[in-house]
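Biologist: Hi! Could you walk me through a few contacts in this one?
Modeller: Happy to, let's take a look together.
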Amino acid sequence: MKRIDKVEQALQQIWQNKSQEVLLNGGSSAREIADQLMITRSNASGDLNLLVREERVIKIKQYPVRYLPLMVVEKTLEMTLPRPLVYKSLTDLLSSPEQGNGVIKPIDPLTDIIGSQQSLKNAIFQAKAAVHYPPFGLHMLLLGRTGSGKTFFVQKIYDYALYAHRLKPDAPFISFNCAEYANNPQLLLSQLFGYKKGAFTGADQDQAGLVDQAQNGILFLDEVHRLPPEGQEMLFYLIDHGVFNRLGESSFQNHAEVLIICATTEDPESSLLNTFVRRIPMVIKIPSLDQRSLSEQVDLTKFLFCDEADRIQRPLKVDIEVINALLQSVETSNVGQLRSLIQLTCAHTFLNNMNDDGYLHVKMRDLPQNVQLKWGSGTEMMAGTKKLTDYLDMVTVITPQEQMAPKKQFNDANIYRLISNKVSELRQEDISDSEINQYIMTDLHLHIRNFVTKSEVDYSLLNFMEPKVLAFIKKLRKYAEKQLRRTFDRRFDYYVGMHVDAFFKRKSDVETIIPGDLDVLERENQKEFQVAIGFKQLFSEEFGINLSEIEVAYLIMLLLSIESLSDRSKKKVGVLVVAHGDSTATSMVSVAKELLGVVPMLPLNMPLTVSPEEIYERIAQKLAVLDEGLGVLMLVDMGSLAMLDERLIESTGIKIKTISNVTTSMVLDAARKINYMNVGLNEVYESILNDFQGLAQATNADKPKAILSICTTGAGTAEKIAGMINHLIIETTDEYIKVLQIPSLKMAQHVRDLKQHFNIIGSVGTKDPRLGVPFIPLEDLIDGTGENALRSLIASRQFKIKRQPDKHYMVRELTEDTLKQYLLYLNPTVITPVLIDWLDTVQTAMKITLSNTAQLKVLVHTAFAFERVLKNEPLHYTDTLSEEIDTLSELIIKTIKPIERQLNLELCQDELLFITEAINDVC
């Protein structure tokens with residue numbers, strides 16, 4: 001979860017379920033949010049203001065400035081607030097609506113549905129179109145499985161029709177389930193259309209039916225396929241002509257203006273008359289629970305838990321495993337079944353904690369027995385829990401009306417108590433120690449992942465460590481760098497330091513959890529395992545402490561998380577290996593992961609007895625898991641599997657490329673290219689085709705290697721690009737690689753000629769030559785991401801690395817080039833490195849990392865400011881000074897003082913504020 005999303009989530013947790021009165025006079029300051037999330041106030045303020053611009057948060061311009069979540073406010077007030085979302089006060093706005101930019105209106109009921117912008121987006125669009133269609137709307141047929149929410153959706157359509165003034169405020173909504181009288185067709189029709197006196201035995205007076213009652217409103221017919229053929233005929237006659245007859249009448253003499261909405265769980269083509277189906281033009285499909293995204297499933301589950309919290313008026317804490325078990329146990333994809341399971345689980349929790357005050361902690365032991373049995377199966381449950389950590393913390397807080405969730409704090413020691421409690425529970429369930437070991441290792445991994453990827457780094461906490469501990473951390477870092485042959489930054493000190501500090505604070509109150517072994521961790525992560533064992537020896541030498549196996553496991557996982565931290569946000573192409581046989585695909589993928597580490601790759605074994613349709617369904621499921629937005633490469637053993645491409649692309653919406661005749665070498669090559677060479681789907685596909693189908697590999701063996709520099713804007717720019725590439729090559733390797741400059745005009749002809757004499761390993765520039773090798777756009781090279789990709793390209797070719805890279809080369813070159821064009825008095829070559837060092841200090845103090853383009857903007861602006869001082873032409877700051885700029889300017893003034901002394905130039909207050917604003921804009 002990104003920091004900005006955490007800020008929004010914290011704001012929602014504070015203000016959800018508050019009364020109108022509390023909301024109208026409330027709001028959270030940037031400082032309050034910063035303290036709750038343990039981030040800097042400037043970061044919180046920046047994120048909150050961005051959320052205001054994105055229309056997700058309301059800004060109240062008081063002192064201090066306060067913020068409220070838009071969705072919560074509009075839902076509670078049942079209004080749509082005017083834009084922009086910046087007000088002096090909500091109370092004044094509501095008492096005088098004309099002050100806003102628009103009239104305050106009731107909130108759209110259909111936008112309040114979970115999934116309104118995702119799985120239900122198309123259904124909502126269809127429903128709105130049907131409601132607005134003149135003169136009285138289009139009749140609708142809803143399709144969906146039992147429990148998918150069809151009845152709920154129809155109720156929302158009715159609410160929307162009232163909201164949009166397509167129905168009068170007193171318009172009726174009549175609901176009827178045709179299945180209730182399915183065994184008595186005459187009684188069913190009499191309920192629906194009414195009857196005349198004497199129509200059948202017992203009909204002693206005229207009786208109006210549901211069609212009459214729904215006059216000028218909506219008639220909802222659920223399970224409409226249970227309506228007998230004669231009933232369907234009567235209904236489509238009503239749809240066609242607006243008239244109907246009651247039972248016992250011989251002519252159509254009753255008029256009705258009714259919007260009819262039907263729903264069925266069956267295929268309408270086989271369960272309804274064609275003449276009836278043709279008269280309902282708007283067919284709307286409602287997705288079942290398993291057809292909705294994981295984020296929607298999580299939101300639905302939290303919503304249902306919130307209903308129970310309101311019902312019992314007690315706040316809940318729900319373990320992530322509970323939500324995972326519930327979602328995986330709803331086998332019929334039925335929201336109604338999910339609600340029942342949640343109600344039963346909460347009832348167990350309530351009974352077990354009736355005499356306790358405060359939170360009710362919903363644990364695995366509270367789940368129904370059949371759900372617990374499935375939970376005991378192990379591997380599938382652990383994989384599901386891991387996926388949920390993108391949307392949930394390890395414990396989710398659910399609060400009833402007028403209660404607020406407490407601030408969340410990270411407590412490193414607490415994970416061991418949680419594990420200890422879980423071990424006791426698992427042993428009571430007679431689960432073996434080997435299975436318990438798997439659960440505990442998974443929990444440790446998830447805990448560390450949450451700590452490293454979801455917590456803000458506050459380096460100031462290092463100042464509170466004892467000097468002896470801090471010195472020991474430096475010793476561990478030096479040891480790890482030597483053993484792993486890489487350089488760690490301050491994140492190592494922070495994450496390892498926080499854990500070691502917590503270790504000493506908890507002392508001996510937590511014992512070894514399980515006397516398990518570390519075979520799996522050792523086998524899969526040998527280098528990190530050896531470093532952790534070295535840490536254990538250093539602990540023993542320094543403090544006389546013998547670390548337990550669980551501590552060693554924790555340290556291994558922490559090392560792995562810190563090493564891969566910079567790569568976690570990068571999306572990659574997925575790889576699906578499909579092969580016939582019981583374990584062929586699994587074996588290939590296992591080899592790739594063992595040799596190349598974590599790869600977005602899954603195996604799919606296909607026994608020869610599996611039907612083609614089942615193969616298709618299994619592949620579609622795996623594709624959904626693998627795709628991160630960049631597509632999936634399928635490596636298959638038979639050409640027939642490649643023929644599924646078009647159907648899979650159409651049904652899943654995922655970009656797919658397929659290569660037949662898969663081998664282990666091909667799988668390894670795909671893993672290497674995706675992990676280390678930053679290539680897209682088309683590039684890796686074409687590259688593997690070339691490498692494994694004889695198009696280039698053999699002939700390129702003895703050719704000199706080359707990288708293309710391509711430009712459309714002139715020889716000067718192409719020469720500059722070539723210079724950048726040459727610098728990176730010289731800096732990175734002793735291997736000879738030639739940089740070839742070519743214009744984009746007639747590029748294909750140039751490339752064909754060059755391929756005869758060179759082994760082209762990549763290209764950089766303004767146009768992709770589509771050679772099946774990595775292409776790095778010029779803007780990426782300038783921004784910094786392309787520089788890393790180019791280094792990875794060179795390194796992945798197993799060249800000898802020459803020395804540590806100059807991380808400022810690109811910024812320095814671009815800044816100097818720009819300043820040389822404009823500065824008259826200052827020397828660009830002298831001032832550029834001085835300003836780069838200053839900006840490094842600012843980034844460290846703000847705990848941010850700016851892109852190359854952002855650094856370029858700040859550096860050029862600051863250089864111009866010093867130039868203006870020399871020319872005695874300073875700028876004047878006329879904007880209203882915001883709280884953010886005022887706070888940040890203190891840091892800028894403090895850090896820039898040494899440069900002013902070095903240059904013997906003093907910037908005025910206005911220029912300093914402009915520099916502050918430039919930095920604030922790019923953060």
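This is a predicted model: local features need pLDDT of at least 70, side-chain atom pairs count only at pLDDT 80 or more; totals for chains, interfaces and linings use all residues.
Modeller: Let's start with Asp493, which forms a salt bridge with Arg477 (a side-chain nitrogen of Lys or Arg within 4 Å of a carboxyl oxygen of Asp or Glu), their closest N and O atoms being 3.1 Å apart.
Biologist: Which parts does that pair tie together?
Modeller: Asp493 sits in helix H22 (residues 490-506) and Arg477 in helix H21 (residues 467-484), so the bridge ties together parts 16 residues apart in sequence. Helices here are DSSP runs of H or I with at least four residues, numbered from the N terminus.
Biologist: Are Asp493 and Arg477 buried or exposed?
Modeller: Both Asp493 and Arg477 are buried. Buried means under 20% relative accessible area, exposed over 50%, and partly exposed in between, with a 1.4 Å probe and protein chains only.
Biologist: What does Arg618 form a salt bridge with?
Modeller: Arg618 pairs with Glu614, the closest N and O atoms being 2.7 Å apart. They are 4 residues apart in helix H27 (residues 612-626), so about one helical turn separates them.
Biologist: And how many salt bridges are in the whole structure?
Modeller: A search of the whole structure finds 20.
Biologist: New topic: what comes just after H39?
Modeller: Asn872, with a positive phi of about 55°.

Technical notes
Residues are numbered from 1 along each chain as its sequence is written. Side-chain values use heavy atoms; hydrogens and water are left out. Helices (H or I, at least four residues) and strands (E, at least two) are DSSP runs, numbered from the N terminus.
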